[in-house]
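Subject: Handing over the structure, with notes

Dear colleague,

My notes come after it.

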Amino acid sequence: MPMTIDELKQKIEALTNELQSQKALTETVKNQYLGKKGHFNILAKVIAQIDNQDKKVAGQLLNELKLKLENHFSNTTSKKQTKQIDFTLPGLPQDVGHLHPISQAMEEITNIFEKVGFTRVRYPEVDWDWYVFESLNMPPSHPARDEWETFFVDAPEPAHDLTYDAKEPRKRHPSLVGGKMVLTTHTSNGQVREMERLKNPPIRMINIAKCYRRQQDATHTQMFHQFEGLVVDKGINIQHLKGTLDYFAEQFYGPGTKSRIRPFHFQFTEPSFEVDFSCHICGGTGKKNGEKCKFCKSGWHEVGGAGMVHPNVLKAGGIDPEIYTGFAFGWGVERTYTLKEGLNIDDIRLLYSGDLRFLRQF
Ligand code: PHE
């Protein structure tokens, strides 16, 4: 049924009146008027029924109505905007990353030794058998090598002379004779490398690097870190070693921590020692509240090895053992770190689990 322009005008007026009483400015009400199936669109359809001659006027009227509607609802607040923001609230904490606890420990160890004149160095973590074993007074097939559960690299081994000359160990340097490649089992491979780098003492090296051994349980991971100290100069003796260990113990574990050395055997040091640090829970007494200390059981924690550099090692590094002496020590960063007061990490594999709930605590 055709609609006259007057009828349209009436309808527009009715809608406009209704609009005046519409006080709620919400998305829902706005949609009732201006939405796809809203009052306006329904009304606008009647234009098809208007006489051709009135169509132009009808279009204008409808446009005006639309503008009115849009104006009316221009202040409509969307749901998002209704959310009030309190600018005085403290900000949300940002998720900031941090260094892995073992990286933190390595930085701390480096700082402690740099303060007393050591230089941090790095050497290959995949190295010639020569540096890892042979230059350290362990000729091929020496049984002491078995203590290090070595990963060998499956690479062709250049032919070399198997006769070991203790007087001239340097003759067997891999650049001259070749040798096997291994994943470094300890940071002691840095000893002869550092002697070669500096050529002449004094040497004060701190070498921190990854090590690898065929072992995996709560206190061992196949990849771990060690730090190795090496000091070579004229007149270096065991007192210097002991003093350095005491210094480290106090710096790393806190004042009052003591070190202890016990006789041991390594091929590359003579004499050799095992190194213990006093337990911070029981103060080195082994007793807590009248009972055996649960943390250490004996008052001490064994951490690693040390000793006076064997003359054959000095020779392998081109240093005359008649003029110079030195001491060396080396042990695991993970072990040293987990003994720190308050850490209570009973499974070091957690350190490499990649579990952020664990790592975020440090
Ligand atoms: N390299 C030895 C180990 O891995 C530790 C050590 C270093 C001992 C230096 C003596 C001197 O067990």
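This is a predicted model: local features need pLDDT of at least 70, side-chain atom pairs count only at pLDDT 80 or more; totals for chains, interfaces and linings use all residues.

Residues are numbered from 1 along each chain as its sequence is written, and side-chain values use heavy atoms, with hydrogens and water left out.

The protein chain is divided into domain 1 (5-81) and domain 2 (101-359), with bounds that come from an automatic or database domain assignment. The centres of the two domains, taken over C-alpha atoms, are 85 Å apart.

Two helices come next; helices (H or I, at least four residues) and strands (E, at least two) are DSSP runs, numbered from the N terminus. Helix α1 (residues 5-20) and helix α4 (residues 55-72) have axes that come within 11 Å and cross at roughly 5°, where axes are lines fitted to C-alpha atoms, for helices over the stretch in contact, and angles run from 0 to 180 degrees between N-to-C directions. Angles under 35 degrees count as roughly parallel, and α1 and α4 are therefore roughly parallel to each other. In contact terms (heavy atoms within 4.5 Å), the α1 residues that meet α4 include Leu 8, Ile 12 and Leu 15, and among their α4 counterparts are Leu 61, Leu 65 and His 72.

A nonpolar core is a set of buried Ala, Val, Leu, Ile, Met, Phe, Trp, Tyr and Cys residues joined through side-chain atoms within 4.5 Å, and buried means under 20% relative accessible area, exposed over 50%, and partly exposed in between (1.4 Å probe, protein chains only). In the largest such core, which has 36 residues, Phe 227, Phe 248, Phe 329 and Trp 331 touch the most other members. Helix α10 (residues 238-253) gives the largest share of this core, 7 residues. A second, separate core of 26 residues includes Leu 136, Met 195, Ile 319 and Tyr 324. Leaving aside neighbours within four places in sequence, Trp 331 is in contact with residues including His 225, Leu 245, Val 275 and Thr 336.

Phe 327 is found in strand β11 (residues 325-332), and at 2% relative accessibility it counts as buried.

A cis peptide bond joins Pro 201 and Pro 202, with omega about 5°, and Pro 202 is found in the loop between α9 and β4 (203-212). The peptide bond from Glu 270 to Pro 271 is also cis, with omega near -5°, and Pro 271 is found in strand β7 (residues 269-278). Ser 141, which is not a glycine, has a positive phi near 65°; Ser 141 is exposed, with a relative accessible area of 71%. Asn 289 has a positive phi of about 50° although it is not a glycine, and Asn 289 is exposed at 74%.

With best wishes

Conventions. Angles under 35 degrees count as roughly parallel, over 145 as roughly antiparallel, 65 to 115 as roughly perpendicular and the rest as oblique.
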